[in-house]
Every structure is written in C-alpha cells, then in structure tokens.
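Trainee: Could you walk me through this model? I'd like to learn how the labels get decided.
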Amino acid sequence: MEAVSMGDCMGMTLFWILAGVIALGVGAILVQALLRGGRGAAPAAAYDMQVYRDQLREIERDLARATIAAEEADRLKAEVSRRLLEADRAARSGERDGRAPESAAIAAAGAVLLLLGGSFAAYLDLGAPGYPDMPLAARMADADAAYRERPSQAEAEARMAASHASTRPEPDPQFVELMEKLREAVTRNPNDIRGQELLARNEAALGNYAAASRAQEQVIALSQPKATAEDHAALAELMILAAGGAVSPEAEAQLTEALRIDPSNGTARYYSGLLLAQTGRPDMAFRLWRALLEGSRPGDPWVAPLRAQIEELAWLAGAKYQLPPAPAEDTGTPGPTQEEMQAAGEMTPEQRQEMVRGMVEGLNQRLATEGGTASEWARLISALGVLGETDRARAIYGEAMGRFEGREPDLAAIRAAAVQAGVAE
C-alpha cells in the first residue's frame, strides 16, 4: 500500500479541526437556546400583574375626571384587584417551580452533546475523512471506464517483461538444460498433448508465464472438444501471471469459458473476483469471494490468497466482515491402513520401494490435475529426493515456488523439503 503523504495528513488534520469547531459551535448555540428557554423570558403572570396595575391607575384617573360614577369605580377596582391577586399567586407559584425548566434545558443540552458525540463515532466507523465526494453514478462510470480501458494481454505482457527484465533469478543450469531438451522435443512433435502439458508446467516453474500460457493454449486446442473447465482456468491463471496480476480481456474470456463449463470452478471464481476488484467493483468482488471462501476446503489453492485479501476487500466494499478462524488443514491424503502397513512389513525391499513409488506417482498426478497444499508439494519433493529422482524433484520444486509465490510460510516449507532432497541451497 502507498504511504500517506504529508499533504494528505495536513488535509485530514484540517478536516478534523474544522469539523470539531463547527460541531462545538452548533452545540453551544443549541445549549444556549435551551437554557434561555428555561429562564430568560418573564413569566406570563408577571405580565398580567403589570396590566392589572395599569388598569387600577386608569380607573383612578377616570374617577378623578368624573367620567365614571363612584359605585362603578368601586366595582371595577374590586374586579381588577381580584384578578391582580390571582396573578400574584400564579407568579409566586412560578418562582417556586422556576428551576424545573432550567433542569429540563440542561438535560436537553446533554442530549445534544450526546448526539454530536454519536455523530462523530458513526463517522469514524462509516466515513472516510480526506476523501472527496464520490457519488454512486460517478463511481459506476469510473468502474465502467476501468473495465473497458484495461490493457490487452500483449500490452500487459510487454510492460511486465520490460519491468522485470533484470530481476528474474538465474535458474539451475541442469534444469535449464532439461528445459531446452523439452522445448526441442515439443517443437518436433507439437501435437503431443503430454509434451505440451509438461512444457506449460515447467515454463511456469521457470517464471516464463507467457511461454507457459502459449503451451497451455496448445493443450486446449489438442483437447478439443473435450477441454475441461480446469484447462481454461489454468490458461487464464498463466495469462494473469504473465500480465503481472492484471486480468486482461483475453484472460477474462478464458475465465468465462471455464465458468460456462463448470460454474463451481474455484480458480475461475477467484480470478473473476479479482477482475471485479481491479475494475472498481469491490462490492461484487466481496460477495463472490465470500461465497467461494465459505464453500471451499482448507486445502484448496485459492483459500490462502482469499484469506489474505478478503478483509481489506470487505472494507473497500463498505461491509462489516470478520475473517473466521482458519480451519485445520485437510490434505485429503489418508495414511495407509493397518492392513497396508502389515503387508508392507512382509514385502521385499524392492516391493516396498515399488509401493512407495506408486504412492508418489499418485500424489504427483493429483497435484498436477487438482493442485494441493504446500505441505503436499513439500512431501512430493522430499519423496522424489528419497527415490533419487532429483531432476523431477527440482522441476516440481520450481513449479511449487511459482504456485505459492508471495506466500512466505508456504514457501518456507517447500524450500525446507527441497534442501532435504538436495535440489536447493
């Protein structure tokens, strides 16, 4: 992830200062208005008392000017005095209860402060300070543009080749020599599907993903009309690796074909989610990846990258998601039964080695067709070393390093097995 720049930090600091000042100002105005409402205005009874006193003085003036009779003046003064006494009693009662409105105002002021605090807490949880407004229509337009303007496979491969021309490690000379022989054999017999499969696998082990994808294209062409979803998904994966992780339109076409054949194909579903994430649709990518993760076995090859990325993707999608604990790894490779162990004890050394070789070949075939966990790849490398097949062990070590690239705990286990087998330093 990119480091936060000094300008971004200053912008976020200014945002919080302005937001705090505005919030405090609004809160102060509301509190002041509520407190004034409790004590600032004179009671209505006091106003009535002033009116009645004015009326009594007016009656006295009218009596002095002889505009009303004395009897009428006495009657009016009695009535106004009665009202004055009632207003006085009401005013005195209001004084005794005068603190009630102020208490209510203070309580309301507390509610205002609580509301402001809750607003800040909600913004910290849901908001994104420092980011400009991003209306839905604009985001959809940006996502559509990112999808349409992706570089082609050839463009992405060219960029990748230019940026990594001098960073690729030197392969083992013996492995390079074997690869030259394999390339020559495939060139002489391009219709040999087994040779194309081996070429695709071993070019990938060398990091030559573009060459590996071309060999995998030949595998699909030679397999027609029986090419499987895994064939297309494997080609898409090689194309994505050759493009430096970008899902080009050509790779997307292979993913689409894989999902047409088998909608449950895990590799195609994973990379389809990656495409959505790369083109501005983390919401759709998160839904796809979550369903894939929850429906996968612990040893499936896409589980580790899913677990490493899905929480960040959920955050980008605006979804609350907590990664469940990693389940115990199920290798899918049961150990020998008690009867098989007893039978092995009665075998000659040659028979036992043949049994071991059969188990190794079975594991090799399953990893080649279905993939597997790092521990299974490490087990295969170690077993080939024990059998003395160091060339095969070295080739599979290279392939495993490519498959688990960037996943250091898995790579450490694979390296340890390669060192034990004598095919790595």
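This is a predicted model: local features need pLDDT of at least 70, side-chain atom pairs count only at pLDDT 80 or more; totals for chains, interfaces and linings use all residues.

Trainee: What makes a stretch count as a helix?

Mentor: It has to be a DSSP run of H or I with at least four residues, while a strand is E with at least two; both are numbered from the N terminus. On that basis the chain has 19 helices and zero strands.

Trainee: How do you know that the span of helix 14 agrees with what it should be?

Mentor: The expected span is 1.5 Å times one less than the number of residues. Helix 14 has 15 residues (303–317), so it should span 21 Å, and its end C-alpha atoms are 20 Å apart, which agrees.

Trainee: Where is the kink in helix 14 centred?

Mentor: On glutamine 309, with a kink of about 40°. The bend is the angle between axes fitted to the seven residues ending at a residue and the seven starting there.

Trainee: Which residues of helix 14 are called buried?

Mentor: Val303, Pro305, Leu306, Ile310, Leu313 and Ala314. Buried means under 20% relative accessible area (exposed is over 50%, partly exposed in between; 1.4 Å probe, protein chains only). Across the chain, buried residues make up 32% of the 425 residues.

Key. Residues are numbered from 1 along each chain as its sequence is written. Side-chain values use heavy atoms; hydrogens and water are left out.
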